[in-house]
Amino acid sequence: MARIAIGGFQHETNTFAPLKATYRDFEQADGWPGLTEGAAILGTFDGINLPIAGFLESTRAKHDIVPLLWCSASPSAHVERDAYERIASRLLSLIKAAGSIDGIYLDLHGAMVTEHLEDGEGELLERIRAITGPDLPIVVSLDLHANVTRRMVRHASALVVCRTYPHVDLAESGQWSAEVLERLIKHGPLKKAMRRAEFLVPLTWQCTLIEPAQGIYRAVAQLQSMGGNTASASFAFGFPPADIAECGSVALAYAESQDAADAAADRLIGMVTGAERDFAGKVWDPDEAVAYAKQRALELKRPIILADTQDNPGAGGNSDSVGLLEALVRNRAEDAVFANLYDPKTAEIAHRAGEGAEISLGIGAWSGIPGHVPFKATFTVERLGDGSFTATGPFYRGNKMQLGPMALLRIGGTRIVVASRKQQAADQAMLRHLGIEPSAQKLLALKSSVHFRADFQPIAGEILIVAAPGANPVDHRSFAYQHLRKGVRLMPLSTEVSG
């Protein structure tokens with residue numbers, strides 16, 4: 001039996017987003033649990049699709065687990081310096097207090113940027129190494145969108161990346177991390193290999209339900225299932241809306257021999273480079289999308305989904321832009337739902353007015369992005385909710401959602417799901433909480449890039465990627481990169497490069 005310390009500190013940072021992550025954002029529950037410390041970790045995550053849950057499921061019966069702390073905040077702009085230092089310092093103090101341990105497992109994201117650090121995870125791992133020394137096995141699970149840095153690779157014994165987007169295998173990635181950590185504790189260190197692609201892949205085309213990403217992750221699984229010298233193989237697409245030097249896609253391999261690690265990493269990055277031209281697809285103008293979707297919904301008798309990808313709160317958008325909503329109303333859409341609009345003030349006003357009331361106000365567009373203005377109209381308050389419910393879809397599976405006061409507003413044939421906490425519309429339970437049956441709608445406009453597919457794609461007649469206003473542009477050439485290393489193609493096959 002080994003003595004293993006476990007913890008987590010998650011944030012995905014869009015450095016171009018309008019609002020930063022505060023300490024309070026890590027403290028409070030939203031789509032995931034709030035800051036959890038000590039023994040509470042052992043029960044909080046049971047049955048939830050998170051890496052730490054999978055790690056615990058694999059290890060708690062056979063090892064002595066020392067719980068540290070775990071927290072996450074919804075994607076946003078930079079993590080405030082105060083928040084990072086308070087949480088990192090507490091985590092380090094808990095590691096010091098843990099006494100003699102045989103290994104550490106950390107549930108990190110891999111794309112954290114703070115007000116004072118480009119590489120939040122690399123800095124954290126370096127500080128941990130200053131406590132533990134170079135030899136203690138440290139295994140880290142990472143998100144598929146991790147911007148893996150050389151510093152992270154240097155200080156972690158192994159980095160293990162999830163393999164699906166939508167991320168329906170987060171818990172499984174924790175289980176894989178447990179296997180690697182047990183191997184390191186028993187047999188000692190592995191050789192490492194890291195390879196980097198020199199072009200950025202838009203989030204919408206990182207989806208593993210479609211090619212070429214689907215085939216790349218099949219190859220990852222095959223490499224690891226072959227056994228032999230390769231103990232772990234991973235590929236991270238990276239998170240393009242992060243203006244840091246080491247943004248982008250990375251292949252990782254850990255093996256008994258350096259030759260085996262190099263061969264695995266070379267194979268994966270070769271597949272990515274060879275598929276560069278296939279990371280593309282149609283992006284729709286809002287009015288064009290609504291007009292097309294109205295007709296297709298009549299033909300297919302199933303909901304047409306409009307992915308409001310550029311205001312995806314899962315990519316740092318504030319989930320408060322109203323460009324696609326305006327297109328729905330302007331084009332007189334019927335049986336349409338717009339979700340989720342993050343607007344605590346509007347939710348409060350709706351709750352004060354009560355169900356059945358009419359309220360006249362401007363909604364959304366409160367985060368201050370230049371050129372964005374609220375949508376002013378008169379709305380009917382159809383339904384109110386407290387924002388507390390259990391997620392039922394594959395991505396948020398089993399989590400107790402805490403989205404604060406929620407309201408369902410109607411204008412014409414369009415209904416608007418308003419929430420008091422920011423969370424992407426990736427679970428049908430968010431709509432059912434306010435009395436909406438998603439499968440009965442004609443149009444579903446969802447603030448999400450890909451995660452919605454896990455729960456909504458099975459009911460969809462067709463999915464359209466829509467470029468309405470937001471902080472997560474599909475075309476990276478619109479980002480004003482200042483720190484991205486030189487020579488990176490900003491889009492697949494693009495002639496425009498960084499630097």
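Which residues are buried in helix α11, residues 323–330? In this predicted model, they are Gly323, Leu324, Leu325, Ala327 and Leu328. After α11 comes Arg332, and the phi of Arg332 is positive, near 55 degrees.

Next, a helix pair. Helix α3 covers residues 51–59 and helix α7 covers residues 170–187. Their axes come within 6 Å and cross at roughly 50 degrees, which makes α3 oblique to α7. The crossing of α3 past α7 is right-handed.

Who makes that contact? On the α3 side, it is Pro51, Gly54, Phe55, Glu57, Ser58 and Thr59. On the α7 side, it is Leu170, Ala171, Ser173, Gly174, Gln175, Ser177, Ala178, Leu181 and Glu182. Sorted by type, the residues of this contact are 6 nonpolar, 7 polar and 2 charged. Gly is counted among the polar residues in that tally.

Now the charged pairs. As background, side chains of opposite charge can pair when their charged atoms come close. This structure holds 31 salt bridges, and I will go through a few of them.

Take Glu382 and Arg410. Their side chains meet in a salt bridge, at 2.5 Å from N to O. Glu382 sits in strand β13, residues 375–385, and Arg410 in strand β16, residues 406–411, so this pair ties together parts that are 28 residues apart in sequence. Is Glu382 buried or partly exposed? Its relative accessible area is 27%, so Glu382 is partly exposed. Arg410, with 28%, is also partly exposed. The cut-off for buried is under 20%.

A second pair is Arg218 with Glu211. Here the closest N and O atoms of the salt bridge are 3.1 Å apart. Arg218 is partly exposed, with a relative accessible area of 44%. Glu211 also counts as partly exposed, at 44% relative accessibility.

Glu437 has 33% relative accessibility and counts as partly exposed. For Arg432 the value is 39%, and Arg432 too counts as partly exposed.

Conventions
Residues are numbered from 1 along each chain as its sequence is written. This is a predicted model: local features need pLDDT of at least 70, side-chain atom pairs count only at pLDDT 80 or more; totals for chains, interfaces and linings use all residues. Side-chain values use heavy atoms; hydrogens and water are left out. Axes are lines fitted to C-alpha atoms, for helices over the stretch in contact, and angles run from 0 to 180 degrees between N-to-C directions. Helices (H or I, at least four residues) and strands (E, at least two) are DSSP runs, numbered from the N terminus. Angles under 35 degrees count as roughly parallel, over 145 as roughly antiparallel, 65 to 115 as roughly perpendicular and the rest as oblique. A crossing is left-handed if the near helix is turned anticlockwise from the far one by less than a right angle, and right-handed if clockwise. Contact means heavy atoms within 4.5 Å. Buried means under 20% relative accessible area, exposed over 50%, partly exposed in between (1.4 Å probe, protein chains only). A salt bridge is a side-chain nitrogen of Lys or Arg within 4 Å of a carboxyl oxygen of Asp or Glu.
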